[in-house]
Amino acid sequence: MLDILVNGVDRGIRALSEAFAAPVHSYCRLETVDNGILVADDGSLISLLHLEGSLKHVGEAEYATLVSGLTEKLQATLSKPGHALQVVFEYDPESSGERIAELLEPSRLTAKNLGLHIGPLLEDWGHALKRYCAIETCWIVLWTRPAVLSDSLRKTALKERDAAMSKVPTLAGCQQIARAVAALHDAHNGFLTGVLDAFKQADLLAYPLSAHEALRDIRMCIAPEFTSRAWQALVPGDPLPFRLPDPDTGKREELHNVLYPDFKTQLWPREGNMVSRSAIRIGERIYGPLIMTLMPQTPKPFQDFFRVLARRDERLPYRMSFLLEDGGLNMGIKPLLSAILAFTASDNKRLNNAVETLRALDLEGVCCVKFRICLCTWACVRESEREAHLLLRRRVAELSKAVQGWGTCDVTEALGDPLLGLAATLPGLMPSSPAPVTAAPLQDAIGMWPLRSASPWKEGSLLFRTQDGKIMPFAPNSSEQAAWIDLGVAPMGGGKSVFLNAMNFAFVTQAGLSRLPWLSIVDVGPSSSGLITLLKENLPEGKKHLAAYHRLRMTEEYAVNPFDTPLGCRKPLPSHKAFLVNLLSLLATPLDATAPADGVPGLIGRAIDLAYEELSDGNHPRLYQPNVLPELHELVLREGIRRDASTSWWEVVDGLFERGHVHEALQAQRHAMPLLADVGTQINQNTGIRNTYDAHTITNVWRSMMDAIEAYVILKEPTRFDLGDAQIVSLDLDEVAPRGGTTADRQSAVMYMLARHVLVNTVMIT
């Protein structure tokens, strides 16, 4: 009995304390969740969105277009009562290390799956980025209040809500799950859809948060060091933990075990205390809130304000809240009194002029909103609270000076109740602010929003950053891209090679891989050798051969027959034949011409078909020669493959493949393939070609083939250059792709085509 009495007294004291706004959670208006949407204590519905930013580069012209488009889309909604929109921007350089480590974690897991020992490399990369980057987060909070309904509909909806609440137990410290006004859902969903559509039309990347995600983000803003990224609030529909009631408490107290705890206790895990009249400590942070008392006389884009703080040597963290509501011209009796007393002070005349200007804009269809801005910065307590408080005072002063230079405005500290100033900067916690209300044209208010550039990827194995420190994840060749064309331009020594190596490294370590991907690099110079060496040295024993770097030379050891087909294919595939026609047409094109002569591609295509047909099984295949590949001949003897004087290479290929010797069969097939000389023979001697094409064209093409055989040593013999099982390959063409003059340009073009064929053909054969 005594315990019940003590509990009752405790509840009474807590309720009285909250009435005087003593606890840190006293300004929390969130009550419960209904149909996946947050509900406030007055039945309002709240949705949170993440605004990543613009998917295009935002210059002055682009920024004006964004603001104009958003204004056009949102003015109809914000011209009517019942809707409020809050934009919260948080800049936190002190937490960038945790976020970078989180973004690099998928690459660590991929490296572990591949056996790559690159953990220290990723860790050093993260430490380097941490020095230059900051976490930027922007929330859009949408409030739909009962005032959006007509008077009759609102009264009916509130009566239905009250009737539903009377059937549900009401306990302190528990959620009132029937608090929502059901009739608001249609209006709120329309508001949400309209805002998302406005952002999409302006190429702004924004996505809605679920109730769990929204509540987690709110708690991360309140107590980041006390909240895991995996934390989830308990909302209606979630399974409650099994709890046994205290046998000494009353029956009413037992209901606490089967009801959901309120958001005040879930979102505020730590109590706060006043450090001074303008600072409050919550957990390990001391906050200093500011309120904007004088709006900019000449509104400027947010980037102007952001740039000032980003350029400082010591970047300070801050959070800024923009609150927009309808009824910007509803100023009560102030305009009337100001008009009557205009002769008494110049301030009254200025107010009259401002009111007249806003009313004129309203008559022109310009939406005027109530506009308020609050800010806060903080300092972490590491050694002593006194040092942290001194650091906070310095940061508050720096933030105040930066704001004052943002279009000639002014701010003051939230004296007396810093908790209210802090709560006003938290996303979705309450739809009010201690800052004085300012009537502003909607376009001017939106023009001050933090519309930054954004990456279309939430995560990526390659982390870029903007010049002012925003992290831009990039996922090379991800499924979110329809095509992949990456262009990099820089002068000599500008970092092009480093950039390309970083791109390729990110491709190898992209999330979700369980084996090494196929990566082919055509390079001029040894730039890519560093990446290959890095991978080779960190791959486990037995897999180091999967990464290979080769410097192509114009010698017989690097001979590549472009007519090689995949194992078992007697004729080239359509794409392969198209490549051969293009390659030989290039060889047959005069140096002073940009395209082959009329009829040359057709002639070459026909000669290619005839060469393969001539060397096929049913015609005159190349005969097997035991002395060409001695080790392979020993295998043929050991396997008992039938052979005689008329045995062809194709028969040896089939025999080896049937016995499971795939690599040896591929080696044998290279000697069954046509060569460049065989195509030249068909051009010069085939009757069908001579009867179809004029002698001049035939002679010129045949001569170009013969010249190519003499000029390009690596094209005239069967393939000897073997990439083996390598999956990550770099071909350096520095020695075979000269520069300067038409002859050098022609050779370079041929070598580029050949290198591409070698790399792609390796993947097809494997």
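Which exposed residues does the face of α4 turned away from its buried side carry? They are Pro-120 and Asp-124, where exposed means over 50% relative accessible area, buried under 20% and partly exposed in between, with a 1.4 Å probe and protein chains only. This is a predicted model, in which local features need pLDDT of at least 70, side-chain atom pairs count only at pLDDT 80 or more, and totals for chains, interfaces and linings use all residues. Residues are numbered from 1 along each chain as its sequence is written, and side-chain values use heavy atoms, with hydrogens and water left out.

- Helices (H or I, at least four residues) and strands (E, at least two) are DSSP runs, numbered from the N terminus.
- The 12 residues of helix α4 (residues 119-130) should span 16 Å at 1.5 Å a residue, and the 17 Å between its end C-alpha atoms agrees; the expected span is 1.5 Å times one less than the number of residues.
- Leu-122, Gly-126 and Leu-129 are buried in α4.
- These residues cover an arc of only 65° around the axis, which puts them on the same side of α4; the arc is that of the directions from the helix axis to the C-beta atoms.
- The buried residues of α4 pack against α3 (96-114), β14 (462-465) and α16 (496-508), contact meaning heavy atoms within 4.5 Å.
- For α18, 14 residues should span 20 Å at 1.5 Å a residue, and its end C-alpha atoms are 20 Å apart, which agrees.
- Among the buried residues of α18 are His-576, Phe-579 and Leu-587.

**Aromatic pairs**

- The whole structure holds 18 aromatic pairs; rings of Phe, Tyr and Trp (its six-membered ring) pair if their centres lie within 6.5 Å, and planes under 30 degrees apart count as stacked, over 60 as edge-to-face and the rest as tilted.
- One of them is the tilted pair of Phe-302 and Phe-306, at 6.1 Å centre to centre and 40° between the planes.
- Both residues lie in helix α10 (residues 302-310), four residues apart, about one turn of the helix, and both Phe-302 and Phe-306 are buried.
- The ring centres of Phe-563 and Tyr-612 are 6.4 Å apart with planes at 55°, so this pair is tilted.
- That pair links distant parts of the chain, 49 residues apart: Phe-563 is in the loop between β17 (547-551) and α18 (574-587), and Tyr-612 is in helix α19 (residues 600-614).
- Phe-563 and Tyr-612 are both buried.

**Charges over rings**

- The charged end of Arg-452 sits over the ring of Phe-306, 3.9 Å from its centre; this requires NZ of Lys or CZ of Arg within 6 Å of the ring centre and within 35 degrees of the ring normal.
- Lys-458 has its charged end over the ring of Tyr-207, 3.9 Å from the ring centre.
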